[in-house]
Amino acid sequence: MLPQSIQLPEITIHEKVSIDPARAAVIVVDMQNDFAHPRGRLFVPDAPKTIANIARLINRARIHGVPVIYTQDWHMKEDPEFRIWGEHAVAGTWGAEIVDELKPLEGDIVIKKLRYDAFYGTQLEHLLSRVLRRDVLIITGTVANICVLHTAGSAALRWFDIVVPIDGISALTQFDLYAALRQVDFLYKGRIVRSVDNIEFTR
Ligand code: ZN
């Protein structure tokens, strides 16, 4: 039988993380209308609270020359994922667009993805390793235990260093958020900070 209650494992939260801007990239996962707008098909109610935090981070990143890479869930009609989630992020629809507040600017990069893992079937690894030559990834967006976690895990398996600010991610439940952070800390040896404001870019 499953226990009725469990003790939460400790998670290491770093007071501050300093990252060389020449090595860093920010990844904004799936901050699209279908997930982050109240009229979206798979709306995550906590996602809008992260928008201003992500905006602050990416503004600072751009100032420091740190690439800002968006992932965009992007499905064709009859994608097998619709059997799990119903239709969402359908190519070319409003739901698939990145929310207005975080619209990519010129110079930002958008990676359209098919699955939770932004490395699956995309150019992301080539882009990061061979073109941009970045090995420290600050990962934000939604959903924390789905696309954020799978992208963070996939990055860690490729030996990227990952940094996750708690106020830049969102999930459907507190449990899911905590479970994602636990995996980032324990399994993938990523660094967790409470806020995007605890990340500084210094050479
Ligand atoms: Zn999807």
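Rings of Phe, Tyr and Trp (its six-membered ring) count as a pair if their centres lie within 6.5 Å; planes under 30 degrees apart are stacked, over 60 edge-to-face, and the rest tilted. This is a predicted model, where local features need pLDDT of at least 70, side-chain atom pairs count only at pLDDT 80 or more, and totals for chains, interfaces and linings use all residues. Residues are numbered from 1 along each chain as its sequence is written, and side-chain values use heavy atoms, with hydrogens and water left out.

Search the whole structure and you find one aromatic pair. Phe-119 and Phe-160 have ring centres 6.0 Å apart and planes at 35°, so they make a tilted pair. Phe-119 belongs to the loop between β5 (109-113) and α4 (124-132), and Phe-160 to the loop between α5 (144-157) and β7 (161-165), so the pair ties together parts 41 residues apart in sequence. Helices (H or I, at least four residues) and strands (E, at least two) are DSSP runs, numbered from the N terminus. Both Phe-119 and Phe-160 are buried, meaning under 20% relative accessible area, with exposed being over 50% and partly exposed in between (1.4 Å probe, protein chains only).

Charges sit over rings too (NZ of Lys or CZ of Arg within 6 Å of the ring centre and within 35 degrees of the ring normal):

| Charged residue | Ring | Distance to ring centre |
|---|---|---|
| Lys-112 | Trp-74 | 4.3 Å |
| Arg-182 | Phe-186 | 4.0 Å |

Now for the backbone. Trp-159, in the loop between α5 and β7, isn't a glycine but has a positive phi of about 70°, and Trp-159 is exposed at 77% relative accessibility. The peptide bond from Thr-142 to Val-143 is cis.
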